Amino acid sequence: MKIRFWEERDLSAVADLERECFSDPWSSQAIEETAKRQDFIGLVLEFQGEVVGYVGCLFAFDQADILLIAVSKNHRGKGWGKTLLEKALGVLKINQVQNVFLEVRKSNLVARSCYAGRGFKEIAERKGYYSDGEDAIIMEKEI
Ligand SMILES: CC(C)(COP(=O)(O)OP(=O)(O)OC[C@H]1O[C@@H](n2cnc3c(N)ncnc32)[C@H](O)[C@@H]1OP(=O)(O)O)[C@@H](O)C(=O)NCCC(=O)NCCS
């Protein structure tokens, strides 16, 4: 397994994984437009030459949002998600980021536990945030 910076050529693999992992995936176009931005930082996780995980963040000054993060179903529970998250936090810190935010579905207990275990605190709840009406939990970590 190796983690490297997200490159333009990763778009279709990431978009495929996004569809595999979420009921409301970002479109390929939305991922492409976001990943092109100057304030984007993305990493991908490769296993046997295949992209099986990704994380994407936007940052401005000392704040960042983690917008995208997932690991392929076949490779979950092996510590790769937390490694990806920790690497992303390291890259954000190098870029002078001090506060990192993310939103997670209330029902997504695996992800919430993954973030809590890495020191993210639940700071707010947004009622009906997702298109299917589910609430979002906003989490923050100081790095
Ligand atoms: C969330 C996700 C990225 C975690 O990746 P992963 O590789 O499966 O997780 P890891 O094996 O690195 O475990 C990280 C933490 O997740 C939690 N976790 C993992 N598997 C779990 C399980 N089966 N049950 C409960 N918690 C679990 C634990 O808190 C674990 O931390 P710990 O090892 O310190 O206890 C992955 O489950 C995923 O892609 N889910 C679908 C997409 C998604 O929901 N993304 C987040 C959107 S906000």
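Which helices and which strand each supply at least two residues of the shell around the ligand? I looked this up in the model, which is a predicted one, and found that strand 4, helix 3 (80–94) and helix 4 (109–117) each do so. Helix 4 gives the largest share, with 5 residues of the shell.

I then listed the surroundings of the ligand and noted 18 residues, of which Arg-76, Gly-81, Lys-82, Ser-113 and Cys-114 are the closest. Sorted by class, the shell holds 9 nonpolar residues, 6 polar ones and 3 charged ones.

Next I turned to the sheet, where I traced 7 strands in the order 1-2-3-4-5-7-6, forming an open sheet with mixed pairing. Strand 1 (2–5) and strand 6 (121–126) stand at its edges, and because each has a single partner strand, one side of each is left without a neighbour in the sheet. From one strand to the next, I noted a twist that averages 25°.

For Ala-60, I found that the bridge partner in strand 4 is Gln-63.

Helix 1 (residues 11–21) lies across strand 2 (40–47), strand 3 and strand 4, and runs at about 95° to strand 3. Helix 2 (residues 28–35) also packs on the sheet, where it touches strand 2, strand 3 and strand 4, and its direction makes about 120° with that of strand 2.

Terms used
Residues are numbered from 1 along each chain as its sequence is written. This is a predicted model: local features need pLDDT of at least 70, side-chain atom pairs count only at pLDDT 80 or more; totals for chains, interfaces and linings use all residues. Two strands pair if DSSP finds at least two bridges between them. Helices (H or I, at least four residues) and strands (E, at least two) are DSSP runs, numbered from the N terminus. Axes are lines fitted to C-alpha atoms, for helices over the stretch in contact, and angles run from 0 to 180 degrees between N-to-C directions. Two residues are in contact if their C-beta atoms, placed from the backbone, lie within 7 Å. A residue is near a molecule or strand if its C-beta atom, placed from the backbone, lies within 6 Å of it. Ala, Val, Leu, Ile, Met, Phe, Trp, Tyr, Cys and Pro count as nonpolar, Asp, Glu, Lys and Arg as charged, and the others, Gly among them, as polar.
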